[in-house]
Amino acid sequence: MSDLAPNLPAVAEPTSFAFDAHAQEQIDVILRRYPPERKASAVIPVLYVVQNQMFRLSGSAWVPKVAMDVVAGLLDMAPIRVYEVGTFYTMFNLTPIGRYNLQICTTTPCWLRGSDEVVAACFKATGIAHMGGTSADGLFTMKEVECLGACSNAPMMQINDDYYEDLDGPRTEALLEAFRRGETPTPGSTIGRQGSMAEGGPTTLTDTAALWSPEKYAALKEDRARAEAEAAAAAAANPPAEPAKPEAPKPGA
Ligand code: FES
(Lines give C-alpha, C1' and ligand atoms only; values in the text may rest on other atoms or scores of the structure.)
Protein backbone atom coordinates (compact mmCIF):
# COMPACT_ATOMS: atom_id res chain seq x y z
CA MET A 1 0.00 0.00 0.00
CA SER A 2 1.31 3.45 -0.87
CA ASP A 3 2.06 5.74 2.04
CA LEU A 4 2.85 8.62 -0.35
CA ALA A 5 -0.67 9.72 -1.08
CA PRO A 6 -2.72 9.47 2.11
CA ASN A 7 -5.69 11.30 0.53
CA LEU A 8 -6.03 8.79 -2.30
CA PRO A 9 -7.70 5.40 -2.01
CA ALA A 10 -5.29 2.67 -0.91
CA VAL A 11 -3.94 0.65 -3.82
CA ALA A 12 -2.19 -2.67 -3.89
CA GLU A 13 1.45 -1.90 -4.60
CA PRO A 14 3.66 -4.48 -6.27
CA THR A 15 6.24 -5.91 -3.90
CA SER A 16 9.10 -5.60 -6.39
CA PHE A 17 10.03 -3.82 -9.58
CA ALA A 18 12.74 -4.42 -12.16
CA PHE A 19 13.36 -2.72 -15.47
CA ASP A 20 12.69 -4.93 -18.49
CA ALA A 21 15.08 -5.10 -21.47
CA HIS A 22 13.28 -2.37 -23.42
CA ALA A 23 13.35 -0.01 -20.44
CA GLN A 24 16.98 -0.83 -19.74
CA GLU A 25 17.91 0.19 -23.29
CA GLN A 26 16.14 3.52 -22.83
CA ILE A 27 17.86 4.09 -19.50
CA ASP A 28 21.30 3.44 -21.03
CA VAL A 29 20.58 6.15 -23.60
CA ILE A 30 19.29 8.58 -20.96
CA LEU A 31 22.25 8.11 -18.61
CA ARG A 32 24.73 8.87 -21.38
CA ARG A 33 23.38 12.44 -21.40
CA TYR A 34 24.67 13.19 -17.90
CA PRO A 35 28.12 13.11 -16.26
CA PRO A 36 28.23 10.12 -13.86
CA GLU A 37 28.43 12.39 -10.81
CA ARG A 38 25.27 14.22 -12.00
CA LYS A 39 23.16 11.23 -12.90
CA ALA A 40 20.49 12.28 -10.38
CA SER A 41 19.48 14.82 -13.03
CA ALA A 42 18.04 11.89 -14.98
CA VAL A 43 15.34 11.28 -12.38
CA ILE A 44 12.44 12.70 -14.43
CA PRO A 45 13.13 10.79 -17.68
CA VAL A 46 13.84 7.61 -15.71
CA LEU A 47 10.54 7.93 -13.85
CA TYR A 48 8.89 8.25 -17.28
CA VAL A 49 10.56 5.00 -18.28
CA VAL A 50 9.02 3.39 -15.19
CA GLN A 51 5.58 4.76 -16.01
CA ASN A 52 5.79 3.62 -19.64
CA GLN A 53 6.96 0.15 -18.63
CA MET A 54 4.01 -0.16 -16.25
CA PHE A 55 1.73 0.81 -19.14
CA ARG A 56 3.30 -1.77 -21.45
CA LEU A 57 3.04 -4.54 -18.89
CA SER A 58 -0.23 -3.74 -17.15
CA GLY A 59 -2.13 -1.28 -19.37
CA SER A 60 -1.96 1.34 -16.62
CA ALA A 61 0.66 4.09 -16.69
CA TRP A 62 1.69 4.63 -13.10
CA VAL A 63 4.73 4.71 -10.83
CA PRO A 64 4.66 2.36 -7.83
CA LYS A 65 6.58 3.35 -4.73
CA VAL A 66 8.82 0.29 -4.99
CA ALA A 67 9.84 1.46 -8.48
CA MET A 68 10.85 4.84 -7.06
CA ASP A 69 13.07 2.98 -4.61
CA VAL A 70 14.68 1.16 -7.55
CA VAL A 71 15.20 4.51 -9.32
CA ALA A 72 16.79 5.93 -6.15
CA GLY A 73 19.26 3.02 -6.10
CA LEU A 74 20.01 3.41 -9.80
CA LEU A 75 20.71 7.14 -9.52
CA ASP A 76 22.42 7.08 -6.11
CA MET A 77 19.72 9.26 -4.60
CA ALA A 78 17.98 9.17 -1.24
CA PRO A 79 14.53 7.65 -1.85
CA ILE A 80 12.88 10.79 -0.43
CA ARG A 81 14.43 12.84 -3.27
CA VAL A 82 12.75 10.60 -5.83
CA TYR A 83 9.42 10.70 -3.94
CA GLU A 84 9.65 14.52 -3.96
CA VAL A 85 9.87 14.56 -7.75
CA GLY A 86 7.25 11.87 -8.26
CA THR A 87 4.72 13.58 -6.01
CA PHE A 88 5.39 17.11 -7.32
CA TYR A 89 4.70 16.59 -11.02
CA THR A 90 1.11 15.80 -11.91
CA MET A 91 2.32 13.91 -15.01
CA PHE A 92 3.35 11.03 -12.76
CA ASN A 93 0.49 8.85 -11.59
CA LEU A 94 1.15 7.33 -8.19
CA THR A 95 -1.89 5.08 -8.30
CA PRO A 96 -3.14 2.91 -11.18
CA ILE A 97 -5.19 4.71 -13.82
CA GLY A 98 -7.29 3.65 -16.80
CA ARG A 99 -5.78 2.65 -20.15
CA TYR A 100 -6.81 6.04 -21.54
CA ASN A 101 -5.82 9.03 -19.45
CA LEU A 102 -8.22 11.87 -20.31
CA GLN A 103 -6.65 15.18 -19.33
CA ILE A 104 -9.22 17.86 -20.07
CA CYS A 105 -8.10 21.47 -20.21
CA THR A 106 -10.54 23.82 -18.48
CA THR A 107 -8.40 26.96 -18.41
CA THR A 108 -10.01 30.21 -19.65
CA PRO A 109 -9.57 29.91 -23.47
CA CYS A 110 -10.82 26.30 -23.45
CA TRP A 111 -13.57 27.18 -21.00
CA LEU A 112 -14.75 30.10 -23.17
CA ARG A 113 -14.83 27.77 -26.18
CA GLY A 114 -16.88 25.06 -24.47
CA SER A 115 -14.75 22.87 -22.19
CA ASP A 116 -17.80 22.43 -19.94
CA GLU A 117 -19.42 20.51 -22.81
CA VAL A 118 -16.30 18.37 -23.17
CA VAL A 119 -16.25 17.57 -19.46
CA ALA A 120 -19.96 16.69 -19.50
CA ALA A 121 -19.47 14.45 -22.55
CA CYS A 122 -16.58 12.62 -20.85
CA PHE A 123 -18.67 11.97 -17.74
CA LYS A 124 -21.54 10.75 -19.94
CA ALA A 125 -19.46 8.52 -22.23
CA THR A 126 -17.35 6.93 -19.51
CA GLY A 127 -19.78 6.74 -16.59
CA ILE A 128 -17.12 8.22 -14.31
CA ALA A 129 -18.71 9.86 -11.27
CA HIS A 130 -16.12 12.47 -10.33
CA MET A 131 -13.03 14.18 -11.68
CA GLY A 132 -9.98 12.02 -10.96
CA GLY A 133 -12.08 8.85 -11.14
CA THR A 134 -11.68 5.78 -13.35
CA SER A 135 -14.48 4.10 -15.30
CA ALA A 136 -15.85 0.80 -14.03
CA ASP A 137 -14.40 -1.02 -17.05
CA GLY A 138 -10.93 0.35 -16.21
CA LEU A 139 -10.60 2.00 -19.61
CA PHE A 140 -10.74 5.70 -18.78
CA THR A 141 -9.46 8.04 -16.09
CA MET A 142 -10.57 11.68 -16.12
CA LYS A 143 -8.51 14.61 -14.93
CA GLU A 144 -8.97 18.37 -15.11
CA VAL A 145 -5.74 20.12 -16.10
CA GLU A 146 -4.46 23.63 -16.69
CA CYS A 147 -3.55 25.04 -20.12
CA LEU A 148 -1.81 22.46 -22.32
CA GLY A 149 -0.62 25.09 -24.80
CA ALA A 150 -3.07 24.33 -27.62
CA CYS A 151 -5.43 27.23 -26.90
CA SER A 152 -5.71 28.20 -30.58
CA ASN A 153 -7.64 24.97 -31.17
CA ALA A 154 -9.67 25.10 -27.95
CA PRO A 155 -11.35 23.28 -26.40
CA MET A 156 -9.03 20.33 -26.26
CA MET A 157 -7.90 17.40 -24.19
CA GLN A 158 -4.86 15.15 -24.02
CA ILE A 159 -5.44 11.41 -24.21
CA ASN A 160 -2.31 9.54 -23.17
CA ASP A 161 0.40 11.28 -25.24
CA ASP A 162 -1.82 12.83 -27.94
CA TYR A 163 -3.81 16.06 -28.24
CA TYR A 164 -7.41 16.09 -29.54
CA GLU A 165 -8.60 19.57 -30.42
CA ASP A 166 -11.63 21.59 -31.58
CA LEU A 167 -13.86 19.38 -29.46
CA ASP A 168 -17.52 19.73 -28.62
CA GLY A 169 -19.89 17.38 -26.81
CA PRO A 170 -20.83 15.04 -29.69
CA ARG A 171 -17.28 14.89 -31.10
CA THR A 172 -15.93 14.08 -27.64
CA GLU A 173 -18.40 11.24 -27.20
CA ALA A 174 -17.58 9.88 -30.68
CA LEU A 175 -13.87 10.05 -29.85
CA LEU A 176 -14.27 8.07 -26.64
CA GLU A 177 -16.48 5.50 -28.35
CA ALA A 178 -13.70 4.98 -30.92
CA PHE A 179 -11.18 4.38 -28.13
CA ARG A 180 -13.61 1.98 -26.50
CA ARG A 181 -13.74 0.00 -29.78
CA GLY A 182 -9.95 -0.28 -29.64
CA GLU A 183 -9.32 2.28 -32.39
CA THR A 184 -6.77 5.08 -32.15
CA PRO A 185 -8.34 8.18 -33.70
CA THR A 186 -5.96 10.50 -35.54
CA PRO A 187 -4.72 13.15 -33.11
CA GLY A 188 -5.11 16.87 -33.80
CA SER A 189 -8.11 18.90 -34.82
CA THR A 190 -11.40 16.98 -34.85
CA ILE A 191 -12.83 19.34 -37.48
CA GLY A 192 -10.01 18.83 -39.95
CA ARG A 193 -8.39 22.17 -39.31
CA GLN A 194 -4.81 22.21 -40.53
CA GLY A 195 -2.50 23.03 -37.62
CA SER A 196 -3.90 26.15 -35.96
CA MET A 197 -5.08 27.78 -39.20
CA ALA A 198 -8.03 30.18 -38.87
CA GLU A 199 -11.34 28.28 -38.82
CA GLY A 200 -12.50 30.07 -42.00
CA GLY A 201 -9.43 28.97 -43.96
CA PRO A 202 -6.09 30.54 -44.77
CA THR A 203 -7.03 34.23 -44.58
CA THR A 204 -4.24 35.61 -42.46
CA LEU A 205 -1.95 38.05 -44.34
CA THR A 206 -3.46 37.09 -47.69
CA ASP A 207 -2.64 40.58 -49.04
CA THR A 208 1.03 39.67 -48.96
CA ALA A 209 0.32 37.11 -51.68
CA ALA A 210 0.94 39.95 -54.18
CA LEU A 211 4.44 40.36 -52.84
CA TRP A 212 5.21 36.72 -53.49
CA SER A 213 4.23 36.93 -57.18
CA PRO A 214 7.11 38.45 -59.24
CA GLU A 215 4.67 39.87 -61.82
CA LYS A 216 2.43 41.44 -59.20
CA TYR A 217 5.43 42.80 -57.35
CA ALA A 218 6.79 44.38 -60.54
CA ALA A 219 3.38 45.95 -61.29
CA LEU A 220 3.22 47.27 -57.73
CA LYS A 221 6.64 48.90 -58.13
CA GLU A 222 5.62 50.49 -61.45
CA ASP A 223 2.46 51.91 -59.89
CA ARG A 224 4.46 53.41 -57.03
CA ALA A 225 7.08 54.88 -59.40
CA ARG A 226 4.34 56.40 -61.61
CA ALA A 227 2.59 57.91 -58.61
CA GLU A 228 5.86 59.44 -57.38
CA ALA A 229 6.63 60.89 -60.87
CA GLU A 230 3.13 62.40 -61.09
CA ALA A 231 3.49 63.95 -57.67
CA ALA A 232 6.88 65.43 -58.63
CA ALA A 233 5.45 66.85 -61.93
CA ALA A 234 2.50 68.39 -60.08
CA ALA A 235 4.85 69.95 -57.56
CA ALA A 236 7.01 71.40 -60.39
CA ALA A 237 3.95 72.86 -62.20
CA ASN A 238 2.64 74.51 -59.09
CA PRO A 239 5.62 75.63 -57.07
CA PRO A 240 4.74 76.95 -53.67
CA ALA A 241 4.38 80.75 -53.55
CA GLU A 242 7.48 82.63 -52.38
CA PRO A 243 6.96 83.81 -48.83
CA ALA A 244 6.54 87.64 -48.63
CA LYS A 245 9.77 89.43 -47.75
CA PRO A 246 9.61 91.38 -44.50
CA GLU A 247 9.67 95.17 -45.02
CA ALA A 248 12.99 96.89 -44.28
CA PRO A 249 12.80 98.98 -41.11
CA LYS A 250 12.39 102.76 -41.75
CA PRO A 251 15.31 104.96 -40.68
CA GLY A 252 14.77 106.38 -37.24
CA ALA A 253 11.97 103.89 -36.51
S1 FES B 1 -6.44 27.07 -22.39
FE2 FES B 1 -6.74 25.03 -23.04
S3 FES B 1 -4.95 24.61 -24.15
FE4 FES B 1 -4.62 26.61 -23.42
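Predicted model: local features only at pLDDT ≥ 70, side-chain atom pairs only at ≥ 80, totals over all residues.
## A short tour of the model

Numbering starts from 1 along each chain as its sequence is written, and side-chain values use heavy atoms, without hydrogens and water.

Next, select asparagine 101, in strand β1. Is this residue buried or exposed? Asparagine 101 counts as buried because its relative accessibility is 8% (buried is under 20% relative accessible area, exposed over 50%, partly exposed in between, with a 1.4 Å probe and protein chains only). Show its neighbours too: leaving out residues up to four places away in sequence, asparagine 101 touches Asn93, Thr141, Lys143, Gln158, Ile159 and Asn160 (contact means heavy atoms within 4.5 Å).

Now move to methionine 91, in the loop between α4 (79–88) and β1 (100–105). Methionine 91 has 43% relative accessibility, so it counts as partly exposed.

Finally, colour helix α6 (residues 115–126) and helix α7 (residues 169–180): their axes come within 8 Å and cross at roughly 35 degrees (axes are lines fitted to C-alpha atoms, for helices over the stretch in contact, with angles from 0 to 180 degrees between N-to-C directions). Residues making this contact include Val118 and Ala121 of α6, and Thr172 and Leu176 of α7.

How values were computed:
Helix = DSSP H or I, 4+ residues; strand = E, 2+ residues; numbered from the N terminus.
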